[in-house]
Every structure is written in C-alpha cells, then in structure tokens.
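Here are my notes on this one, as numbered points. Have the structure open as you read.

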Amino acid sequence: MFPGIIGKKIGMTQLFQESGETVAVTAIQAGPSVVTQVKSRDRDGYDAIQVGFIENKVKQSQLSSPEKGHLRGLENVRYLREFRADDISSVKRGDKVDVGFLKHGDLINVIGFSKGRGFAGVVKRHHFSGGPKTHGQTDRHRAPGSIGATTFPGRVLKGKRMAGHMGNRRVTARNLEVIQADPERNLLLVKGAVPGADGGLLVIEKVR
Amino acid sequence: MDVREFVKPKMNPNIPQISPGDTVKVSLKAMEGDKERLQHFQGVVIKMRKGVDGGSFMVRRVSYGIGVERTFPFQSPSVQNVVVLRHGQVRRAKLYYMRRLSVKQARLKERREKALEQAMPQEEEPRKEEQSSE
C-alpha cells in the first residue's frame with residue numbers, strides 16, 4: 001500500500017516476547033501523516049508519494065507562502081518527505097497515512113540524522129588507539145601519530161583519517177524488524193536501535 | 001519524551017514489594033526437556049534498579065562456597081512467585097559490599113538485623129499495637 005511513513009523517535013525500551021525472550025525495541029511515533037502530493041511518471045518523470053508529518057503545533061504563520069499554497073486544504077505540516085512508489089493508482093492527495101501498512105515481522109529501513117559529536121578527535125572518530133599514557137609522554141595521549149612519510153610523497157594522502165566533524169549526518173539503519181505496529185496510537189516498535197536522538201525525525205520505508 | 005508514556009512496562013504481578021537487604025525466595029518457571037517445573041532461588045536482594053524497562057533486582061546467594069548472583073527483571077514473565085522471608089536492616093541501596101564478606105560475616109549482619117527488625121515498626125498493624133501497649 002504505502003511505501004513509507006514519517007516518524008519521530010521516542011526512545012528505547014525492552015519487551016518480553018511470549019516465548020520468554022527479551023527484545024530491545026525502539027519506539028517510534030509514526031504518523032499520522034497525510035499525502036500532500038502524488039507524483040506520476042507522466043508529469044514528473046517518476047512515480048512517488050509525498051507525505052507530510054502531522055503535528056498538532058504547526059501554526060499557519062510558521063509556513064512560508066509556497067508551503068501554504070502547496071498544502072492548501074490540508075493540515076499544516078512542517079516536514080515533507082517523498083517515497084518512491086511502484087503503484088500510485090490507489091493513492092490520492094489528502095489520504096491519511098498510518099502504520100497500518102506494517103505488521104509484525106515486516107522489514108523496514110529507518111533513516112535519521114545521527115547524534116552530532118562536533119569536532120571530534122581521531123580516537124573518538126576513527127577509533128585510533130592514541131598514544132601511551134605513561135613512560136614520559138606529554139600531550140600524546142590522544143594524538144593521531146604520523147600522518148604520512150617524508151619528501152616522498154611530500155604530501156598527505158587523500159582520505160587520510162583525521163580529526164573533524166563527526167555525527168549529525170544522514171544514516172540509514174537497514175532491514176530492521178517490526179515488532180508491533182499500532183495504527184490507533186500511531187506507535188511503531190522496531191527491533192534494535194535507530195539513528196539519532198530521542199525526538200529526532202525519522203523516515204521509515206518498507207523494504208521491498 | 002519518555003518511552004514509558006507510550007510503552008508502559010508490564011510489571012509481573014507475582015512480584016511483591018521488596019527492598020534491598022530482604023531475603024527472598026524466587027520461584028521460576030524452568031523448562032526441562034518439554035516439561036515445565038518450578039525452580040527456586042533463595043538469597044539476599046543486593047541491588048534494585050528502576051528504568052524504562054520496569055527495572056530489575058539482583059539476588060545473591062552462596063552456593064557450595066561460590067557466590068551466585070541472578071538478576072530478575074520486574075517485567076519477567078518467567079518469575080512465578082517471590083516470597084519475602086526476612087527484611088534485612090541495611091544502610092545503603094546497593095549491597096555490593098556483601099561480595100567481600102564471608103558467609104559468616106554476611107550472616108552475622110543478618111542476625112543483627114533481626115534484632116533491629118523487632119524494634120522497628122512493621123507493616124503488620126497488630127504487632128505495632130502490641131508494642132505500644134507494653
């Protein structure tokens with residue numbers, strides 16, 4: 001039915017299965033969402049469904065003029081995301097999307113922005129082991145060590161792993177198992193971890 | 001946002017109110033082949049933890065001279081029954097120091113608790129009245 005949905009990460013917890021096994025789950029507030037545009041091969045060159053994430057606190061004044069025009073007659077939404085779709089014939093603008101298209105055992109990909117770590121050193125960012133802690137070492141504890149040779153090649157090789165900005169980038173967690181999908185409460189429980197901080201925006205797409 | 005607002009932990013109703021220092025007997029469902037039977041684990045509660053998963057408690061016992069600690073989640077459906085055999089008088093929430101103590105030292109501590117316990121008001125009402133009338 002729907003290829004995906006937009007959600008917000010709530011947090012992680014632990015559940016007991018009927019078999020007695022525990023499973024670590026991430027709770028996602030998935031939807032409600034509304035179809036804001038249906039793109040077709042004829043008109044747009046590809047088939048896709050654009051979906052908006054309905055929150056209760058989006059005021060008219062928070063939208064730009066183009067957004068207002070785009071969402072005319074629909075709820076105010078802050079976030080729009082697009083999903084490629086095989087079949088767009090059954091979907092039209094204004095349709096509500098909930099997690100009803102997912103069930104226990106389905107596989108999904110979850111896309112989010114990882115937690116930002118700022119400008120991170122080489123030990124945190126690339127798991128370098130740092131320098132010795134003792135034997136007269138000063139200021140070498142978390143240093144990267146040598147970054148190259150001498151006159152030949154006379155430069156630092158491209159792609160050399162160094163300190164720099166870490167996190168806050170788009171990450172996809174693939175093939176996560178749906179443990180529970182509750183369309184009434186817009187609640188989705190997914191096995192395992194999902195990128196980003198609690199409250200972060202997530203894009204959930206069904207694995208085809 | 002708290003996950004607990006969305007996913008409430010299903011606390012096992014078989015687990016009563018317990019506290020660190022209590023001596024408890026935990027009865028567990030255990031599978032033996034395809035037969036189900038009850039397994040018991042008796043010891044002192046040395047740790048309790050709260051959390052989004054409903055928390056857990058750790059029971060320590062010394063079995064054939066070897067310390068054994070088992071952690072039971074409060075959500076665990078395999079816990080069939082928990083009986084509080086004795087309330088211990090303890091002064092901290094985590095009783096990790098029990099690990100350093102020999103069985104004898106640990107036992108001494110418990111005997112002292114027993115004496116203190118009688119001087120302390122209990123949750124059983126009749127006993128309290130007896131003491132005040134004396």
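1. Arg78(A), at 37%, counts as partly exposed. Arg78(A) lies in strand 5 of chain A and Glu55(A) in the loop between strand 4 (48-54) and helix 2 (65-70), so the pair ties together parts that are 23 residues apart in sequence. Helices (H or I, at least four residues) and strands (E, at least two) are DSSP runs, numbered from the N terminus. Lys8(A) joins in too: Lys8(A), Glu55(A) and Arg78(A) are linked in a network of salt bridges.

2. Before going further, the ground rules. This is a predicted model, where local features need pLDDT of at least 70 and side-chain atom pairs count only at pLDDT 80 or more, while totals for chains, interfaces and linings use all residues. Residues are numbered from 1 along each chain as its sequence is written, chains are lettered from A and ligands numbered from 1 in the order in which they are written, and side-chain values use heavy atoms, with hydrogens and water left out.

3. Back to the charges. The count comes to 11 salt bridges over all chains. One of them joins Lys39(A) to Glu82(A), with the closest N and O atoms 2.9 Å apart. This pair links distant parts of the chain, 43 residues apart: Lys39(A) is in strand 3 (residues 33-39) and Glu82(A) in strand 5 (residues 77-84) of chain A. Lys39(A) is buried, with a relative accessible area of 15%, whereas Glu82(A) counts as partly exposed at 33%.

4. Chain B has a salt bridge to look at as well: the side chains of Arg49(B) and Asp53(B) meet at 3.1 Å, N to O.

5. Now the rings. There are 4 aromatic pairs over all chains (rings of Phe, Tyr and Trp, the last by its six-membered ring, pair if their centres lie within 6.5 Å; planes under 30 degrees apart count as stacked, over 60 as edge-to-face and the rest as tilted). Phe41(B) and Phe72(B) have ring centres 6.2 Å apart and planes at 65 degrees, so this pair is edge-to-face. Phe41(B) is in strand 2 (residues 35-49) and Phe72(B) in strand 4 (residues 66-73) of chain B, so the pair ties together parts 31 residues apart in sequence. Phe41(B) is buried at 7%, and Phe72(B) is buried at 3%.

6. Phe72(B) also pairs with Phe57(B), in a tilted arrangement: 5.5 Å centre to centre, 40 degrees between the planes. Phe57(B) lies in strand 3 (residues 56-63) of chain B, so this pair ties together parts that are 15 residues apart in sequence. Ring pairs link Phe41(B), Phe57(B), Phe72(B) and Phe74(B) into a cluster.

7. The charged end of Arg61(B) sits over its ring, 6.0 Å from the centre, and the charged end of Arg70(B) sits over the ring of Phe41(B) at 6.0 Å (the rule asks for NZ of Lys or CZ of Arg within 6 Å of the ring centre and within 35 degrees of the ring normal).

8. Last, the interface. Chain A and chain B bury about 1100 Å² between them, 70% of it on carbon and sulfur atoms (buried area is the accessible area, 1.4 Å probe, that two parts lose on being put together, summed over both). In chain A, Ile10(A), Thr13(A) and Phe16(A) lose the most area to chain B, together 46% of what that side buries. How many salt bridges cross this interface? The rule finds 0 between chain A and chain B.

Notes:
Buried < 20%, exposed > 50% of the residue type's maximum accessible area, 1.4 Å probe, protein only. Salt bridge = Lys/Arg side-chain N within 4 Å of Asp/Glu carboxyl O.
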